[in-house]
Amino acid sequence: MKTLFISISLSFFTFLLNAQSDSSTTEMGTTITVSVPCKSNEGNVLVGLYNESTFLKAAPIMSSSAEIIDGKATATFKNVAPGNYGISLFQDKNSNKRMDFDTNGMPTEPYGVSNNSMSYGPPMWKDAKFEVSDQPIEMEIRM
């Protein structure tokens, strides 16, 4: 009986230790908060967080849809691992969840990228990238 009690006690304490170690690993990384001033309250702002291999080529690593309130949208990415990232966003005025272009290939909806790097042609990774460490990041991206 004593052996059974010790076995049950050890199993219970092992379970508690594993539960505590699992909860401490769920909050890895840092938080990135992006604020976006908007000229109108139409639609939402769709925000994507990319690494170098996915920047403007594939689906974002993380994405968010931010409601525009009083001319400002705010998106937050949590538990972002350290590394280099870039953000691309646009105001989805017609709520079709994609960026619209005219017949010449020019965007018809406002857009922006991290570091507010706006040049002729598509945004470049080297201009949009920023480094994430263990400190929270707050940035404003203009469209």
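Trainee: I would like a place to start: where in the chain is Met106?

Mentor: Met106 sits in the loop between E5 and E6. Helices (H or I, at least four residues) and strands (E, at least two) are DSSP runs, numbered from the N terminus. This is a predicted model, in which local features need pLDDT of at least 70 and side-chain atom pairs count only at pLDDT 80 or more, while totals for chains, interfaces and linings use all residues. Residues are numbered from 1 along each chain as its sequence is written, and side-chain values use heavy atoms, with hydrogens and water left out.

Trainee: Is Met106 buried or exposed?

Mentor: Met106 is exposed, because its relative accessible area is 51%. The cut-offs are under 20% for buried and over 50% for exposed, with partly exposed in between (1.4 Å probe, protein chains only). Across the protein, 30% of the 143 residues count as buried. Met106 also shows how sequence and space can be read together: Gly121 is 15 residues away in sequence, and the two C-alpha atoms are 9.1 Å apart.

Trainee: Which elements should I look for in the whole protein, and in what order do they run?

Mentor: The protein has two helices and eight strands. Starting at the N terminus, the order is α-β-β-β-β-β-β-α-β-β.

Trainee: In which sense do E2 and E3 pair, and over how many bridges?

Mentor: Two strands pair if DSSP finds at least two bridges between them. E2 and E3 (residues 62-69) run antiparallel to each other, with six bridges.

Trainee: Which residues lie nearest the centre of the largest pocket?

Mentor: Rolling a probe the size of a water molecule over the atoms shows where empty space is left. A pocket is an open set of points on a 1 Å grid where a 1.4 Å probe fits, with protein on both sides within 12 Å along at least five of seven lines; lining residues have an atom within 4 Å of a point. Here 27 residues line the largest pocket, and Leu56, Ser88, Met99, Tyr111 and Pro123 lie nearest its centre. The elements giving two or more residues to this lining are strands E2 (44-50), E5 (83-92) and E6 (111-113). E2 supplies the largest share, with four residues.

Trainee: How many salt bridges does the structure hold?

Mentor: There are two, each needing a side-chain nitrogen of Lys or Arg within 4 Å of a carboxyl oxygen of Asp or Glu. One joins Arg98 and Asp100 at 3.4 Å, N to O. Arg98 is exposed at 51% relative accessibility, whereas Asp100 is buried at 10%. The other joins Asp127 and Lys126, at 3.4 Å, N to O. Asp127 is partly exposed at 27%, and Lys126 is exposed at 60%.

Trainee: How many aromatic pairs are there?

Mentor: A pair of aromatic rings is described by the distance of the centres and the angle of the planes. Rings of Phe, Tyr and Trp (its six-membered ring) pair with centres within 6.5 Å; planes under 30 degrees apart are stacked, over 60 edge-to-face, and the rest tilted. This structure holds two such pairs. Tyr50 and Phe55 are edge-to-face, 5.9 Å centre to centre with 90° between the planes. Phe55 and Trp125 have centres 5.6 Å apart and planes at 65°, so this pair is edge-to-face too. Because Phe55 lies in the loop between E2 and E3 and Trp125 in helix H2 (residues 125-128), the pair ties together parts 70 residues apart in sequence. Tyr50 is buried at 11%, and both Phe55 and Trp125 are buried. Together, ring pairs link Tyr50, Phe55 and Trp125 into a cluster.
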